[in-house]
Amino acid sequence: MDVLARFHPPDLSRLRGRRTRLIRRWLAACLVLAAALLFVHPGSARGAPTDPTVVAAHDLPAGASWRAADVRLADLPGDARPSGALSSLDLVDGRSLAGAVRAGEPLTDVRLAAIPAPGDPGTATVPVRLADAAVAELLTPGSRVDVVAAPEAGVPASVLAGGATVVAIGHQEPSAAKGPLVLLRLPEAIATRVAAISLERPVTVTLR
């Protein structure tokens, strides 16, 4: 009798409560894992086929040259990929932007500026700071322009060079009074003259 008095049957309600808590914790962990998969791979987590897509890593202005830190690959489902979306980082290496992009924006073929044809051995690239920032916003790498020196006292406006090729457009500083630097490809003899005059007189360009 003493032995039976000391024996206490297990509390089934307590066991059921502990089992319920374990099941709830396991379900909560599964939900957290599923949410993480949806965040990292939204298409693949839902079972939809995805494709690697080049997207901008941060905001960039028009004319900027791509660097490795400017782009990344993201897995996007087919219905979220725009037409002409790029799938390889090699396609943007060393290229310039034809227009501004936002961080996370998929990059397409029309976002890349045309690569100017290689110049003759007798050409040179000249940095020219434009007098009007608004003019620079109209330019893209590969544009053909004429370089014009603004008139001064006793000196009329004059065309310094015709048919220059825009190679790149620099970033416009908000505090700068003038426009950004623009790299122009010109014949060497003309390039020297343009570089010298642009240091003395305001310079702009006209689009062809």
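## A serine in a loop

In this predicted model, Ser143 sits in the loop between helix H4 (133-136) and strand E4. Is Ser143 buried or exposed? Its relative accessible area is 15%, and since buried means under 20%, Ser143 counts as buried.

What does the side chain of Ser143 reach? It comes to 2.8 Å from the backbone oxygen of Thr140. Leaving aside residues up to four places away in sequence, Ser143 touches Ala164, Thr165 and Val166.

## Strand E5 and its partners

Strand E4 (residues 144-149) runs antiparallel to strand E5 (residues 158-169), and 5 bridges join the two. Among the paired residues, Val148 has Val159 as its bridge partner in E5, while Ala149 has Ser158.

E5 is also joined to strand E6 (residues 181-187), again in an antiparallel arrangement, by 4 bridges. Here you can look for Ala168, whose bridge partner in E6 is Leu183.

## The whole sheet

Now let's step back to the sheet. These strands belong to an open sheet of 5 strands with antiparallel pairing, in the order E3-E6-E5-E4-E7. Why is one side of E3 and of E7 left without a neighbour in the sheet? Strand E3 (123-129) and strand E7 (203-207) stand at the edges and each has a single partner strand, so one side of each has no neighbour there. From one strand to the next, the twist averages 45 degrees.

Notes
Residues numbered from 1 in each chain as written. Predicted model: local features only at pLDDT ≥ 70, side-chain atom pairs only at ≥ 80, totals over all residues. Heavy atoms only, no water. Pairing = 2+ DSSP bridges. Axes fitted to C-alpha atoms, helices over the stretch in contact; angles between N-to-C directions. Buried < 20%, exposed > 50% of the residue type's maximum accessible area, 1.4 Å probe, protein only. Polar contact = N/O pair within 3.5 Å; in protein donor to acceptor, adjacent residues only side chain to side chain. Contact = heavy atoms within 4.5 Å.
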